[in-house]
Amino acid sequence: MKINKILLLIAVFVSNAVVAQSSKEKITFSYQQLPLFPMSADKTYDVNVILPYEDDITAQKEAIAAENKELKEEAKQEKKDYDNKKVGAKLVGKVLLGESKPTGRAKLVEAPFYQTIWSRDEIKSKVTIPGLEQNEGATALITVFINRFDYTYNAQHIPEKGYYYRVNGTGTVTMEAKDENGAVVSNKTFSASKTGKGNDFQSKYFRSEYARDKDWNLNKEAKLRAIESNKLRTSMSQMAAYLKSNMGYNSVPYKGIVFTFKSKKHDYTALNSAYPTSVEVYNMLNTYPLDQDTKGRIVEMTEIWKAETENIDGGSKKARINAEVGEGLYLNLAFASIWLEDFSKANVYLAKYKVLDPKGKNKVYKSVQKLLNDQKARFAANQ
């Protein structure tokens, strides 16, 4: 009985040993990515910076300055009038009416925190798009709106710790992109998330309410300027990344998979001969458009894989081209078809892959499908 079990185990082991398998070969290369939203045929664009709050702040500053000027004049005149009074009148006013001697100094209206009027040239210098040149007067236009900065101040008290305050700021940047024909191709708002424990700033703990409030009054301007600057810097960085990814001509690093095949029983020498070619030609994708020689070599490579798809036997694990090998072949073919910009054929190969793997949970399948969708959309946008 034991001998039979041993023989059975040996038979299973031998059976598994002859099953054809695929192997994932990692390849790294860079390719030229077309813009999802092409801006102009001459690859130039202009930048317009709008500060919607600028006029309001200017008007508010002027209003407060005018009011304080009036208060100063009134205080000065009040002191002058007092000085011109006779001694008796002064005594009567002081004793009977409780009037105090005017100092001539007015209690002025305190100016609020004013948002920074940013340099437009500084903002423009941060609007860069790879492969495009910023030229004044270009027909394609990127408009940047630096939206109003606002903040909240919360005074807090924890009995066992002390008095403290929290400050949160909100500041966003909106970008509108118009192509050379004046059509809006993108409109997006960028915002910086809060930092730390949900706050942009949290003070230390103070022993008294007075000490806490004093610290805020002394450091309010500096803290708000720092928060405002950080919000703008982060939002502009987000916008730059968006412009690069969607409007730029980029050299994109990519990590992909090419399948090779192995088995102790079957010979895949001819089939695997396409792998060295794939490594070489995929490293030639960093130019656009591809030259005919590169395309020709990709086609020759795909013919090797394509010829074996006729022999797929998905129902037999022992078959030379079983389901696992077939899956690898279809993914190789779909991946190669993307670089030939034959997206319909790539879709067909992925559909045939799904027949062998209906759930489509393979990570390689998902990455190829994602790349296909992106490249197809970018290709269509540039036609």
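**Close-up 1. A patch of positive charge on the surface gathers Lys24, Lys359, Lys361, Lys363 and Lys366.** The model is predicted: local features need pLDDT of at least 70, side-chain atom pairs count only at pLDDT 80 or more, and totals for chains, interfaces and linings use all residues. Residues are numbered from 1 along each chain as its sequence is written, and side-chain values use heavy atoms, with hydrogens and water left out. Lys359 is found in the loop between α10 (343–356) and α11 (363–381). Helices (H or I, at least four residues) and strands (E, at least two) are DSSP runs, numbered from the N terminus. Lys359 counts as exposed, at 67% relative accessibility. Buried means under 20% relative accessible area, exposed over 50%, and partly exposed in between (1.4 Å probe, protein chains only). Patch members have over 30% relative accessible area and no salt bridge; like charges are joined within 9 Å, nonpolar side chains (Val, Leu, Ile, Met, Phe, Trp, Tyr) within 5 Å. A salt bridge is a side-chain nitrogen of Lys or Arg within 4 Å of a carboxyl oxygen of Asp or Glu.

**Close-up 2. Glu67, Glu70, Glu73 and Glu74 form a surface patch of negative charge.** Glu74 belongs to helix α2 (residues 54–83). The relative accessible area of Glu74 is 44%, so this residue is partly exposed.

**Close-up 3. Five strands make an open sheet in the order β3-β2-β4-β7-β8, with mixed pairing.** β3 (133–134) and β8 (184–191) stand at the edges; each has a single partner strand, so one side of each lacks a neighbour in the sheet. Two strands pair if DSSP finds at least two bridges between them.

**Close-up 4. Strands β2 (residues 44–50) and β4 (residues 141–146) pair in the parallel sense.** The pairing runs over 5 bridges. Ile50 has Phe145 of β4 as its bridge partner.

**Close-up 5. β4 and β7 pair in the antiparallel sense.** Here there are 6 bridges. Thr143 stands opposite Glu176 in β7. Strand β7 (residues 172–178) is largely enclosed by the rest of the structure, because 5 of its 7 residues are buried.

**Close-up 6. β7 and β8 pair in the antiparallel sense over 7 bridges.** Val173 has Phe190 in β8 as its bridge partner. The hairpin of β7 and β8 has 5 residues between the strands. In this hairpin, Gly182 takes a positive phi near 85°.

Note on methods. Areas by Shrake-Rupley, 256 points an atom, 1.4 Å probe, with all protein chains shown as cover. Lys, Arg positive; Asp, Glu negative; His and termini not counted. Charge placed at Lys NZ, Arg CZ, Asp CG, Glu CD.
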